[in-house]
Amino acid sequence: MFLFCFSIKCHVPLCLESAAILNHTTKCKAGASCRKAHCLSSQKIIPYWKLCKQKNCPLCYANQSVSRK
């Protein structure tokens, strides 16, 4: 689960940028040719985050700690 607030008044660093990237990647059809910053890497890591069940996965640690709060 991704916890982006989409609030213009949000004070969490990079929250709005992360929300914009997430919104873009869910609609992007360009694949590897997309020029949007972080699109390709996000398209690769998000499915991994959804499937990973490792408790101490170094790739998922930050995402897991946020989504479990």
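Trainee: What should the 13 residues of helix H2 (residues 39-51) span, and how far apart are its end C-alpha atoms?

Mentor: This is a predicted model: local features need pLDDT of at least 70, side-chain atom pairs count only at pLDDT 80 or more, and totals for chains, interfaces and linings use all residues. Residues are numbered from 1 along each chain as its sequence is written, and side-chain values use heavy atoms, leaving out hydrogens and water. A helix here is a DSSP run (H or I, at least four residues), numbered from the N terminus. The expected span is 1.5 Å times one less than the number of residues, so H2 should span 18 Å, which agrees with its end C-alpha atoms, 19 Å apart.

Trainee: Is Ser-42 buried or exposed?

Mentor: Ser-42 lies in helix H2. Buried means under 20% relative accessible area, exposed over 50%, partly exposed in between (1.4 Å probe, protein chains only). Ser-42 has a relative accessible area of 13%, so the residue is buried.

Trainee: Which helix do the buried residues of H2 pack against?

Mentor: In H2, Cys-39, Ser-42 and Ile-46 are buried. Contact means heavy atoms within 4.5 Å. Leaving aside neighbours within four places in sequence, Ser-42 is in contact with Ile-21, Thr-25 and Pro-47. Ile-21 is found in helix H1. The buried residues of H2 pack against helix H1 (15-27).

Trainee: Which residues does Ile-21 touch, not counting those up to four places away in sequence?

Mentor: Ile-21 has a relative accessible area of 14%, so this residue is buried. With those up to four places away in sequence not counted, Ile-21 touches Ala-37, His-38 and Ser-42.

How values were computed. Helix = DSSP H or I, 4+ residues; strand = E, 2+ residues; numbered from the N terminus.
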